[in-house]
Each structure stands twice: as structure tokens, then as C-alpha cells.
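Trainee: I would like to learn how to read a few features of a structure. Could we go through them one by one?

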Amino acid sequence: MLFTAVAALATLSLSAQTQVIAHRGFHAKEGSDKNTISSLLNAQQLGVYGSECDISMSADDSLMVVHGSMHPDRRIPAPHRVHVTKDVYKDIRAISCEGGNIVPTLREYLVQTKKYPGTKLVIEIKNHKGDTPERQKFFTKKIVEMVAEFGLEKQVDYIAFSKIICDELVKLAPNNEIAYLNGDFTPAECKQRGYTGIDYSRKVLREHPEWVKQAQELGMKVNVWTVNKPEEIQFFIDLGVDFITTDNPLETIKLIEASQKKHKKGKSRK
Ligand code: MG
């Protein structure tokens with residue numbers, strides 16, 4: 001009986017532990033870039049819970065790992081930069097970034113994801129200016145289908161700013177974690193729509209710290225983005241969020257471990 005109680009407590013404290021998601025991969029490591037195979041590999045080797053990436057669709061319907069609507073290489077002056085959603089695959093792939101990395105495809109990312117089953121791929125499905133609801137539903141379906149083709153359903157979490165995309169995910173991937181990014185729904189409203197988590201900015205969660213507990217009491221996960229400064233990382237560890245999305249995974253791991261040690265010491269003194 002006592003053993004069961006202790007085991008239950010241990011499970012509880014384990015589940016309460018904050019975990020790390022590397023924002024666009026662990027790109028801070030030398031030679032890497034955001035949203036590249038290299039940053040994904042670095043995150044996998046670091047052994048964090050997940051590596052986040054952004055998926056956008058080119059004009060010829062290729063799923064690319066890229067954040068903005070423009071090609072990420074800022075050495076090219078704006079008028080000449082390739083537009084990710086208005087240009088085609090061939091043009092996006094023709095340019096390399098400063099570190100020599102090229103914009104990967106989702107397919108290449110999933111090949112790499114499969115090599116490290118212990119690290120989740122957190123897929124942010126981007127919507128850009130001009131994407132109609134039909135277009136958003138179209139690429140959401142294509143992404144879910146490609147994940148299924150690789151048999152990676154259990155190794156993928158989804159996040160999106162768009163309600164249309166999140167609502168579509170509820171229909172197409174009901175067994176996946178689906179977290180809403182935009183910050184304008186309460187946890188109860190997200191729950192009602194079928195989302196499994198909130199993934200809100202540090203600003204939103206500082207304004208609504210009560211949403212962390214509210215969401216968790218509804219059985220939802222709480223993720224916060226993008227937290228890089230040590231004092232702010234510590235603030236969100238203390239607030240008890242489930243995940244911290246960060247460009248600074250090394251510092252975040254260190255602070256989580258230090259907090260756990262302190263917590264254990266505090267317990268043993270009681
Ligand atoms: Mg993102």
C-alpha cells in the first residue's frame with residue numbers, strides 16, 4: 001500500500017517535470033542554422049523532449065522546413081529573395097544559407113526524425129498571408145499524410161497559430177498532441193475545440209499565469225515560447241509549465257536539473 005502511494009507520488013513528480021523543446025532545432029551550436037537537418041540532429045543528440053520546426057508550402061506544393069515567407073538567407077537583398085510560398089521548390093533549394101545549409105523538405109526531416117525515436121518532432125504548421133482556408137486545409141492534410149507514410153504518428157506533436165489548421169488537425173490527427181499558439185483562447189475554449197494543449201508566448205502566460213494550472217487541470221499540456229533568458233526560464237520552471245520552447249536548450253536543461261535537485265533536497269528535509 002505504502003509502495004503504491006510512493007510510486008504514485010514518484011509518477012506525479014515525474015509528470016510535473018518541465019521538459020525542453022529546441023526552437024527550430026538546436027541551432028545555437030556552431031555551424032548550424034535554424035530549421036536545418038543539422039539543428040534537428042543537434043537537438044536529437046542533446047536528448048531533449050522535442051525539436052520544433054516550421055513547415056511552409058511552396059507554390060508547387062512542396063512541404064519545406066522554413067519559418068518565414070521569404071528564404072532565410074539574409075545576405076540576399078529583399079527584392080531578390082526567394083518567396084517561399086510564391087516560388088517553387090527548385091528555386092528555394094537553389095540557395096544555401098550562410099553556413100552552407102539548405103532549406104530541407106519535410107520528407108528529409110522525417111527521415112532524420114525516424115533515426116532518433118526518443119526525440120519528438122514538434123511540427124508548427126505555418127499559415128502565410130494569402131493562404132485561403134482551403135489552402136490551409138490542403139497542406140495540413142498533406143503534412144498529416146506524410147507523417148503517416150513514415151509511420152511517425154506517435155513521434156510527432158502539432159502546433160499552429162491558425163484555428164483553421166488546429167481544427168483540421170482535430171479531425172485528421174485526433175490521437176496527436178495539438179497545441180494552439182495564438183494566445184486568444186482560454187484553456188477551456190481550447191479544450192472545447194478538441195485541442196490538447198496551449199502553446200502560448202511568454203507575454204501571454206505572464207498576463208495569464210492562472211492558465212497553466214487551469215489547462216493542466218483540464219488534462220492539457222502547457223508549452224511556452226520562446227524563452228531564452230535564464231531568469232525567465234526559471235520563472236516558467238517555477239510556474240510549472242510542461243514544456244519550454246527555447247533557442248537556449250543547454251541553459252534550460254541546466255536550470256531544470258538545478259530546480260529538481262533543490263526540490264529533492266527540500267523534500268528530504270521534511
Ligand atoms: Mg515555429
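Trainee: Is Y200 buried or exposed?

Mentor: This is a predicted model, and the label rests on relative accessibility, where under 20% means buried. Y200 has 0% relative accessibility, so Y200 counts as buried. Y180 is also at 0% and therefore buried.

Trainee: How is a pair of aromatic rings described?

Mentor: Two values are used, the distance of the centres and the angle of the planes. For Y180 and Y200 the centres are 6.4 Å apart and the planes stand at 75°. Planes over 60 degrees apart count as edge-to-face, so that is the label for this pair. Y180 belongs to strand β6 (residues 178–180) and Y200 to strand β7 (residues 197–201), 20 residues apart, so the pair links distant parts of the chain.

Trainee: How many aromatic pairs are there by this rule?

Mentor: The count is seven. Ring pairs join Y180, F185, Y195, Y200 and W211 into a cluster.

Trainee: Which residue lies over the face of F235?

Mentor: That is R206, at 4.0 Å from the ring centre.

Trainee: Which residues coordinate the magnesium ion?

Mentor: E52 (OE), D54 (OD) and E124 (OE) do, at 2.0 to 2.1 Å. Along the chain, these donors have the spacing E-x1-D-x69-E. E52 lies in strand β2 (residues 50–57) and E124 in strand β4 (residues 120–125), and this pair links distant parts of the chain, 72 residues apart.

Trainee: Are E52 and E124 buried or exposed?

Mentor: E52 has 3% relative accessibility and so counts as buried. E124, at 5%, counts as buried too.

Key: Residues numbered from 1 in each chain as written. Predicted model: local features only at pLDDT ≥ 70, side-chain atom pairs only at ≥ 80, totals over all residues. Heavy atoms only, no water. Donors = N, O, S within 2.8 Å, 3.2 Å for Na, K, Ca; no water. Helix = DSSP H or I, 4+ residues; strand = E, 2+ residues; numbered from the N terminus. Buried < 20%, exposed > 50% of the residue type's maximum accessible area, 1.4 Å probe, protein only. Phe/Tyr/Trp six-rings, centres within 6.5 Å; stacked < 30°, edge-to-face > 60°. Lys NZ or Arg CZ within 6 Å of the ring centre and 35° of its normal.
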